[in-house]
Amino acid sequence: MPLSAGEPDAATLARAAEQTAGTLLAPAAPHRLAEVVPAPQHVQPDPTADWVLPADAVIVTSANPAALAVAEQLAQLLRPATGYPLPVTDATTPEPAGGIALVLDDSADLGAEGYSADLGAEGYSADLGAEGYRLDIATDGVRVTAATAAGLFYGAQTLRQLLPAAIESPSPVTERWALPGGTITDAPRFPYRGAMLDVARHFFAVEDVLRVVDHLARYKLNHLHLHLTDDQGWRIAVDSWPKLTTVGGTTEVGGGPGGHYTKADYQRIVSYAAARHITVVPEIDLPGHTNSALVAYPELAPDKTAPPPYTGTEVGFSYVDPADERTYDFVADVLGEVAALTPGPWLHIGGDEAFKVKGEVYTGFVERVQRIVADLGKTVVGWHQLAPAAHLDGRVLQWWGTNGEDPTTVDAVRRGARLIVSPGNHAYLDMKYAPDTPIGHDWAGLIDVRKAYDWDPGTHVAGVPAEAVLGVEAPLWTESVTSLADIELLLLPRLPAIAELGWSTRATHDWADFRDRLAGQGPRWTTAGITFHRAPEIPWPTAPTIPTQRNMPQNDTASS
């Protein structure tokens, strides 16, 4: 990656590292190997094998483009704080040679569904599967082994967390960059691990969404569900129905200016997420939550009259006309254009709180829209209110209830549906932490960090077998959320709790251990300039170490 004008080149960085090597502060012991969020599946420490990142370290991997991309991402994460050049190179057989090796090993892939629900006799699975990795740390270097680039990426995130918190600094600092010796063998429990961001109630710029992607990637979440349409605003450009954004996208809760994503904007989000092994799941909410569409196109309304723009927060009053063929032309056009922009397999069609579309009219609408999705080559996802409709192969229901007893959803599962579990009273991150939380809601109850952590997605809905649970998702609705700082305040520190439920085996689930590991994330967020809620139940470090900033010499040959 070329340096910008005025930045030091690799040789200058290496000289500076050598010059400062003798002035390091007294080294602290490296982190324990298990001090990682989400909890690794299996940890085997070796106290004799701690490794220190040398200034001349190289990151080596195979010539595979996806592996090289992960290697460069890791280098970009480590260069700012260390000031080291960390060149990336490729080799037929990557070896650490004192640095870091990222090794793609096809023999580690024992099947695309290689997730860790079934553990071996030792309490962990040796099958790395589609997303697992092995991290080996020894005095002579570090090796990450995986069957896929996704596994290498998750191994790199673990490596990042094992370095001192100062690694999150955006500029060079004086630090001993040590890793604890030993081996981690790790793979996820569930294939679907996600979070949802509502960009319809309040609109958020592309850069804000990319920042959320970074938070998901840090904790090995692999899906970003974007709630793109609602009564208050339509946020995705549709060429065949342009007024959806030019008219329907100009409002938001509270009367703000709204906004929307062009197709290029959306593709930028999708590409950025994909580079971090995150699949974007777009939601077009139907048949309710559609006031913004009806303002733009009154012919979709049951009475063919445009309603006034809506900037409040009530639900359940709007719907497209299920008896008009023009409605299905609209649905097919919109879903077709969104599907063409979305390489992932999922299309979310909403389906909740359509209170004025009842009984067979509702199920008939859903069944027809499900077929439209299938004809586009996508898998339909919808809120669990879709359950009474006829089953379609692959159908996924997102369960958001607050009571684990739900016979209608259980019946849909018996007919073949799978579940993404998002209980409102555990996983909804727009709920307040406590009564005095300045933003958020409490209709599902208050959700402190322990409540976000202390439940099991595999058994939460009574009568639904664990094998029918595709995974877990943490939604963040934004009626009261107006800024990136607000998003981060509600996401952190609860997002890592949900991430651990999705990734880590049930055997590792332990609140006391989790709260201690989570506490170690606080200094990292502080160093990175990330907003978070200092939840009182977490033993945050009282006196975080402020790393010494290190001024790097300027490159004499760089132009100003």
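Predicted model: local features only at pLDDT ≥ 70, side-chain atom pairs only at ≥ 80, totals over all residues.
## Where α6 meets α8

Let's start with two helices. Helix α6 spans residues 263-275 and helix α8 spans residues 325-341; their axes lie 10 Å apart and cross at an angle of about 45°. The two helices are therefore oblique to each other.

On the α6 side, the contact uses K263, Y266, Q267 and V270, while α8 brings E337, V338 and L341.

## Salt bridges across the chain

The model has 24 salt bridges, and a few are worth a look. In one of them, R143 pairs with E95, with 3.0 Å between the closest N and O atoms. R143 sits in strand β7 and E95 in the loop between β4 and β5, so this pair ties together parts that are 48 residues apart in sequence. R143 is partly exposed at 25% relative accessibility, and E95 is partly exposed at 41%.

Helix α8 takes part as well: its residue E325 reaches R368 in helix α9, 43 residues apart. E325 is partly exposed at 46% relative accessibility, as is R368 at 29%.

## A loop pair and a network

K304 and D321 form a salt bridge at 3.1 Å, N to O. Both residues belong to the loop between α7 and α8, 17 residues apart. Here K304 is partly exposed, with a relative accessible area of 36%, whereas D321 is buried at 11%.

Finally, have a look at D198, R201, D230 and E479, which salt bridges join into a network.

Note on methods. Residues numbered from 1 in each chain as written. Heavy atoms only, no water. Axes fitted to C-alpha atoms, helices over the stretch in contact; angles between N-to-C directions. Helix = DSSP H or I, 4+ residues; strand = E, 2+ residues; numbered from the N terminus. Parallel < 35°, antiparallel > 145°, perpendicular 65-115°, else oblique. Contact = heavy atoms within 4.5 Å. Salt bridge = Lys/Arg side-chain N within 4 Å of Asp/Glu carboxyl O. Buried < 20%, exposed > 50% of the residue type's maximum accessible area, 1.4 Å probe, protein only.
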